[in-house]
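Have the viewer open as you read.

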Number of protein chains: 2
Amino acid sequence: MKQTQLGRGREFDLIRGFVREQPAIGAPHVLTGPGDDCAIVTAGAVAISVDMSVEGVHFRREWLTPEEIGWRATTAALSDIAAMAAAPIGVLVALAVKADEADDIAPRIMHGCREAAAVHGAPIIGGDLTRSTGPIVIDIVVLGDAASHVLRSGARAGDGVWVTGSLGGAAAAVHAWQQGSAPSAAARSAYARPRARITEARWLADHARLTSLIDLSDGLAGDADHLAAASGVAIVIEADAVPVHNAARDVAGSRVDALRLALTGGEDYELCFTADDADVARLADAFAGTFGTGLTRVGRVEEGAGVRVDGDDAPHGAGGFDHFGAAP
Amino acid sequence: MKQTQLGRGREFDLIRGFVREQPAIGAPHVLTGPGDDCAIVTAGAVAISVDMSVEGVHFRREWLTPEEIGWRATTAALSDIAAMAAAPIGVLVALAVKADEADDIAPRIMHGCREAAAVHGAPIIGGDLTRSTGPIVIDIVVLGDAASHVLRSGARAGDGVWVTGSLGGAAAAVHAWQQGSAPSAAARSAYARPRARITEARWLADHARLTSLIDLSDGLAGDADHLAAASGVAIVIEADAVPVHNAARDVAGSRVDALRLALTGGEDYELCFTADDADVARLADAFAGTFGTGLTRVGRVEEGAGVRVDGDDAPHGAGGFDHFGAAP
């Protein structure tokens with residue numbers, strides 16, 4: 001990957017430091033890496049997404065180390081590449097910190113970004129570093145090779161609705177912090193060190209005909225609503241089938257509370273997809289054997305619109321996380 | 001350009017509004033536009049850059065309307081596409097505003113983003129909308145077709161150093177505001193409504209062999225230093241040759257002050273490039289006739305390193321804008 005030399009100045013010294021410490025990883029699609037006005041990538045079809053994390057909204061400094069702030073923001077963005085079943089090409093990191101945090105916090109955040117990008121197979125190919133007047137802001141741009149990909153829009157009545165892993169772990173950590181207690185190690189890890197299901201998504205797309213795919217960033221209820229809207233169908237979630245994360249069960253006061261964390265908590269970065277049930281069911285064992293986590297059928301696609309949660313004592317009106325919605 | 005339907009929620013209502021108001025412009029490289037987890041673009045080589053603007057650092061609310069905040073941030077980012085002599089493909093806008101500004105300020109900022117993107121020939125193909133705890137933050141991602149492009153790294157000793165337009169206009173506006181006075185209309189317009197020299201860059205790359213190219217975002221002195229570092233050469237700026245913007249002359253107390261604004265003020269978004277002098281000189285009239293602005297030779301490339309400003313009373317130690325540098 002070609003890197004271009006920058007001129008003088010403290011801002012550029014910091015950027016040089018970030019670039020120098022990058023582990024050598026293959027970057028077959030990167031024609032020009034950091035240092036010029038743009039990076040240049042080569043691929044027939046490039047998937048691109050941007051994901052902004054703001055201190056006090058997406059994370060708190062008391063909850064996470066700077067390295068974890070960087071890891072989490074980068075993984076959240078890479079999860080959009082998983083959500084297309086695309087292959088990562090590279091990551092750009094735009095970071096704003098206060099002037100007196102440039103030497104300490106910024107390199108530690110960038111270290112977390114680099115680590116998360118490398119674990120998911122993506123080099124950092126560019127970015128921006130600027131001063132903030134207040135909160136830390138990280139905006140992560142992800143690029144993927146979308147030669148083959150799966151959209152949100154192909155779900156058909158009769159398909160099953162499936163998820164990977166278990167849901168509500170990250171929400172359990174936030175719930176604990178908000179109650180003034182320390183989250184369990186499992187909950188904290190789910191929140192602070194998520195993984196993007198990139199390999200899993202590509203494996204699934206290779207082995208089954210996924211009709212639609214999304215990652216669970218806003219919570220199953222809200223994200224299923226996006227799938228339903230994009231596909232012009234209704235999605236019915238079967239409450240009893242939802243794989244609730246143990247950490248959510250442990251922290252919640254009741255089964256309904258645990259289910260609410262799993263349905264609306266968000267930030268699990270698991271996958272939700274639709275497909276012919278028989279097509280997926282035959283893969284469940286191989287998936288679990290390969291990835292050490294489950295595939296669970298959580299509902300069905302019907303004619304209609306919107307999302308509905310079935311079950312005797314399902315939480316009503318369960319929506320996803322909405323940045324500008326009414327406070328719960 | 002394919003757009004995907006989103007689910008329910010106020011955040012997504014806002015995004016729907018942004019997308020709905022987008023003018024129809026050609027988007028031949030956009031396979032999938034807003035609404036899915038990623039946008040998808042198709043091009044053999046894709047140039048990409050990200051540019052973050054933070055309230056109180058890059059702009060102040062007292063200086064600009066929300067529409068101008070969006071315009072300026074988008075144009076600043078598109079200027080990186082000009083700096084590669086690439087062709088715009090699309091823009092993604094990540095925006096953070098306070099919760100109570102979502103209905104008023106956010107749509108107005110997005111209007112400015114859309115306008116600037118459309119004027120430069122780029123649709124908005126995605127983005128992110130989130131809550132801020134404090135400042136408005138806009139992060140603009142730009143994508144360009146880089147099938148042909150010009151890097152920073154090819155300047156050779158003997159080349160001339162050229163710029164488009166005149167320099168210091170935007171800095172003159174900031175200077176006036178900082179002195180507590182209102183900038184002239186020309187200075188304000190240079191700061192609030194810049195244009196990215198995308199068409200000009202492509203015309204120049206088509207008509208001459210540019211050996212290196214950069215846009216003037218940090219100021220001629222700082223940006224020439226980047227060209228010098230990337231190319232492994234020295235750049236000598238001839239102070240008397242620098243085309244100082246009339247607004248900078250008007251606002252400055254002396255010729256030296258005006259020159260300092262032109263060399264270090266930044267945010268002019270003009271182009272700086274190196275090429276064989278004879279190759280460019282023969283184009284000057286045609287360029288001026290086509291674009292209504294000049295091409296000026298401002299210096300030369302020499303063996304060595306760094307940037308030097310020649311001239312009897314040139315400002316000494318003129319560096320570019322550095323976010324984390326010592327205050328002047």
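Start in chain B, where B:Arg72 lies over the face of B:Tyr191, at 4.0 Å from the ring centre. Keep in mind that this is a predicted model. Another arginine to look up is B:Arg193, which sits over the face of B:Trp71, with 4.7 Å to the ring centre.

Now for rings against rings. Over all chains, the structure holds 12 aromatic pairs. Take A:Trp63 and A:Tyr191: their planes are at 75 degrees, and anything over 60 counts as edge-to-face, so that's the label this pair gets, with the ring centres 6.0 Å apart. The two partners come from distant parts of the chain, 128 residues apart. A:Trp63 is in the loop between strand 2 (39-54) and helix 2 (66-82) of chain A, while A:Tyr191 belongs to helix 5 (residues 185-192) of chain A.

Are these two buried or exposed? The cut-off for buried is under 20% relative accessible area. A:Trp63 comes in at 10%, so it counts as buried, and A:Tyr191, at 1%, is buried too.

Back in chain B, B:Trp203 and B:Phe287 make an edge-to-face pair, 5.7 Å centre to centre with 65 degrees between the planes. B:Trp203 lies in helix 6 (residues 198-207) of chain B and B:Phe287 in helix 11 (residues 284-291) of chain B, so the pair ties together parts 84 residues apart in sequence. Both B:Trp203 and B:Phe287 are buried.

Technical notes:
Residues numbered from 1 in each chain as written. Chains lettered and ligands numbered in written order. Predicted model: local features only at pLDDT ≥ 70, side-chain atom pairs only at ≥ 80, totals over all residues. Heavy atoms only, no water. Phe/Tyr/Trp six-rings, centres within 6.5 Å; stacked < 30°, edge-to-face > 60°. Helix = DSSP H or I, 4+ residues; strand = E, 2+ residues; numbered from the N terminus. Buried < 20%, exposed > 50% of the residue type's maximum accessible area, 1.4 Å probe, protein only. Lys NZ or Arg CZ within 6 Å of the ring centre and 35° of its normal.
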